[in-house]
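Dear colleague,

Please find below the structure that I am handing over to you, together with its sequence. My notes on it follow directly after.

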Amino acid sequence: MAQPNNYGFGEEAALLKESARKFFREHFPADKLHALVAADHNPDRPPVCQWDRELWQQLVDLGWTMLAVPESAGGVGMPVAAVAGLVEELGRAAFPCPLLGTLSATYALVACGAGGEAALADIAAGEAATLALTNQHGDWNPAATEVEYRDGALHGTAWFVQDAAKCDKLLVCASTASGFGLFWLPAGAQGVTLEADAIVDLTRDQAHIRFDGAAATEVSGNALTALDSAFPAIWTLLAADMVGAAEWQLQTTVEYVGTRKQFDHPLGFFQAIKHPLVEVMVQIDAAKSLVYNAACACDTEQEKAAQYAHMAKAAASDMAAYACSRSVQSHGGIGFTWECHVHLYFKRQKHSQMLWGDGSWHRARLADIVIGAAA
Amino acid sequence: MSEESARKDTPEQAEFRTYCRQWLQANKPGEPTVRLPQSPLEIMTPEQLSYLQAWQKSAYDAGLIGCDYPVEVGGGGRKDCQKVANEEMLAARTPFLPNVIGLGMAAPTVFYHAREEVKAELLPRLFSGEDIWCQGFSEPGAGSDLANVQTFAERKGDKWVVNGHKVWTSLAHFAEWMIILLRTDKSHKYDGLSYFVVPIRAALGKGVTVRPLIKITGETGFNEVIFDNLEVDDRYRLDELGKGWQVAMTTLLHERGAGELQTPRAGGMKNKSSHTISSSAVIDLAKTTRRGAGAAADDPILRDKMMQQLIREEGLKQNQRRSRVPALLDHPMRLLLQNKLLASEIAQSLGSLALEVEGMSSSLYLADPNAPAGGQWPLAYMNSYGMTIAAGTSEVQRNILGERVLGLPKSK
Ligand SMILES: Cc1cc2nc3c(=O)[nH]c(=O)nc-3n(C[C@H](O)[C@H](O)[C@H](O)COP(=O)(O)OP(=O)(O)OC[C@H]3O[C@@H](n4cnc5c(N)ncnc54)[C@H](O)[C@@H]3O)c2cc1C
């Protein structure tokens, strides 16, 4: 099936994006983010999870956490393209919350078919979830999971679990006697120990989670197939978040170099400042166009979804790295301080760059699709 | 591509598309007997030109060129149909159209700014390709700083007398007409400019001299043009005196792919001398090129670079698609003004990558029987610098984007 010209991004999607932008602008400006997450600058600080639970609840009440849940499971069943619009605005605000994790779990559960329905109903009821499937070496192949399901319970550790401390439920990929399964369980269940990681990014929390015989519901006995069909949407939405965050980095930097004067000119007069910022814009735009193309493929052209999502995340990863570099450098000394908001986005973007595979990881997989595996 | 768009056609477009398809199937020209250049800007010989002119004329006569212009000026009087004809011509892999500067720059400028009778006089033969057009903007002292044009037009009754020196004038060696930016007032930089169309072929040896300049590739295609008391009728002035800079903006906007009117476009013909310039061509090249014991396509670093290239190409394509989705745009000109910069730089990195894939064989040029792809890649790579320099250099494009889109202070 071919894609609609407008990415299927219709009136409803435009409205959602616009109201999300307005919501975050009103309720969560950057100084609020800074006050919330950057109170303690000590580099040796123990890990803490700082977030605005009340504002999150408003998001839940608005129905934004169940947008991707199919109508049949009590959700809204919005297309990925529309959800990407919301996530772009979330990224622009760098709002610390478990939305990305919840959406990621949603797509994986949808791919589980009937087995995922009860779990999807939890999400539709407002619960937050996250994926737990990565090993200690950050291998993005879920078959490398260190968690094992035996004797009716989970054993082992899942690493690099995103926004774990904010979640009600976990979706775990574990090896089973017959392959790999996906398992659904409360984050606070018996036998689950959440060990928070001390991370650079202040806008997220992350943990490794130990399972010592935790009971869990198997939602799929074929985890790899389910995840394969969910990954394109997961990569695409993370890339959408990065596009929004990068636009904040760009606009904030443009504003600064338009006001700060040196050598009798605003900094933006100098091409060594101007041209790199144009390059940031050019890279943001390509990544953004690729994000909506990938999202639309998830909705209407599944057979191309992986290919296009690899392109989107690869472009977003490299773009984010460049936006980070230029946003700090163009601010000069002030950009190197804890006080300036720029570092919050710098850290979020560097985290996102690696999360679910960096540029070269995605290009290697894209090459296998486009060229065929190397001999 | 043409299949994808066909589903969105208006009834007029759908009917026209069917017509274009049928016509092209029956009338697409056969293989040329001469080696064709990679683009119209390197047409060197009358044989190359007449083959291409015959094709443009037949496409015009069939109604595939100038479709959206009114009938009174030689157009087809249709709505949004040039796009359809372009898609079908590209899908049919026809030769390209030789009168590029005429179609892409002169026609919209003449259409928006010339007197009615001048439009009717000039546009039909421009569309048909019988009159080739060229663009006399650049001068030895006016390149990126285009408004520094010094070629002067002095008024004498209802005539103007032109003296000066234009350079890099593509296609001037075949052109009947030139769009030209002239100085009519030396005391104002921008407001002292006026815009004309001038018949140069008729004046060869009588006020106009055209001398070829040789390109980095060894090809010809651009020229210098000397004006020595050329007399031009005032009816060939476009818009008002002193408005040359504004008129030139119409030209430049269309030249950079950001204008109102769709430029007729054809191409894609596959034969021994021309080839497709895209990352899929480079991937095919890598599959058949040996590197060590295996193929270049197995080399992990080349694979990564090829994917970077593919992603950049897809990004540009998706930009063009997104530029028509208002809800996903922050600024009306932001994507349009990136087109020229991206297209030219993507062509350049593609050429550079192809040479890397070819390895030492990239040393072999057009006349070498062992050259991969007939030596077209070194040619394409060198010609790509024409793209990043002409029509406003990449640096100038970045100034424009920084100033007009990001709102940064103007650089000198
Ligand atoms: C293949 C080809 C075909 C052409 N065809 C035509 C034609 O048909 N008609 C026509 O009128 N012209 C034509 N041109 C001319 C073209 O428009 C000019 O070459 C171009 O505008 C650059 O001007 P210049 O060559 O004087 O270079 P310069 O302006 O001298 O530039 C030299 C270098 O300095 C940089 N530079 C200049 N100013 C700035 C600035 N403000 N900030 C940063 N960097 C700067 C440029 O980017 C470039 O890298 C053609 C050129 C080529 C290569």
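I begin with a single residue of this predicted model. A:Gln249 counts as buried because its relative accessibility is 2%, and the cut-off for that class is under 20%. The residue belongs to helix H7 of chain A, which covers residues 223-259. Leaving aside residues up to four places away in sequence, A:Gln249 touches A:Ala323, A:Cys324, A:Ser327, A:Tyr345, A:Phe346 and A:Gln349. With A:Gln349 there is also a polar contact between the two side chains, at 3.2 Å.

As to confidence, the average pLDDT of chain B is 95, and 97% of its residues score at least 70. For the complex, the predictor reports an ipTM of 0.96 and a pTM of 0.95.

Domains of chain A

Chain A is assigned domain 1 (5-124), domain 2 (129-224) and domain 3 (225-370). The centres of domain 1 and domain 2 of chain A, taken over C-alpha atoms, lie 21 Å apart. Their contact involves 24 residues from domain 1 and 22 residues from domain 2. Together these two domains of chain A bury about 1,700 Å², and carbon and sulfur atoms account for 70% of that area.

Between domain 1 and domain 2 of chain A there is one salt bridge, and three residue pairs are in polar contact. A:Asp122 and A:Lys169 meet through their side chains in a salt bridge, with an N to O distance of 3.0 Å. On the side of domain 1 of chain A that touches domain 2, helices H2 (30-37), H5 (99-110) and H6 (117-124) each supply at least two residues.

Interface between chain B and chain A

Here 42 residues of chain B are in contact with 50 residues of chain A. The buried area is about 4,000 Å², 62% of it from carbon and sulfur atoms. Of the area that chain B buries against chain A, B:Arg303, B:Arg321 and B:Leu328 supply 16%, more than any other three residues.

The two chains are joined by nine salt bridges and by 24 residue pairs in polar contact. B:Arg303 forms a salt bridge with A:Asp368, where the closest N and O atoms are 2.8 Å apart. Helices H8 (279-288), H9 (300-322), H10 (339-358) and H12 (394-405) of chain B each supply at least two residues of the side that touches chain A. H9(B) gives the largest share of that side, 13 residues.

With kind regards

How values were computed:
Residues are numbered from 1 along each chain as its sequence is written. Chains are lettered from A and ligands numbered from 1 in the order in which they are written. This is a predicted model: local features need pLDDT of at least 70, side-chain atom pairs count only at pLDDT 80 or more; totals for chains, interfaces and linings use all residues. Side-chain values use heavy atoms; hydrogens and water are left out. pLDDT is the predictor's confidence in each residue, from 0 to 100. Helices (H or I, at least four residues) and strands (E, at least two) are DSSP runs, numbered from the N terminus. Buried means under 20% relative accessible area, exposed over 50%, partly exposed in between (1.4 Å probe, protein chains only). A polar contact is a pair of N or O atoms within 3.5 Å; within protein, one must be able to donate a hydrogen and the other to accept it, and residues adjacent in sequence count only if both atoms are side-chain atoms. Contact means heavy atoms within 4.5 Å. Domain bounds come from an automatic or database domain assignment. Buried area is the accessible area (1.4 Å probe) that two parts lose on being put together, summed over both. A salt bridge is a side-chain nitrogen of Lys or Arg within 4 Å of a carboxyl oxygen of Asp or Glu.
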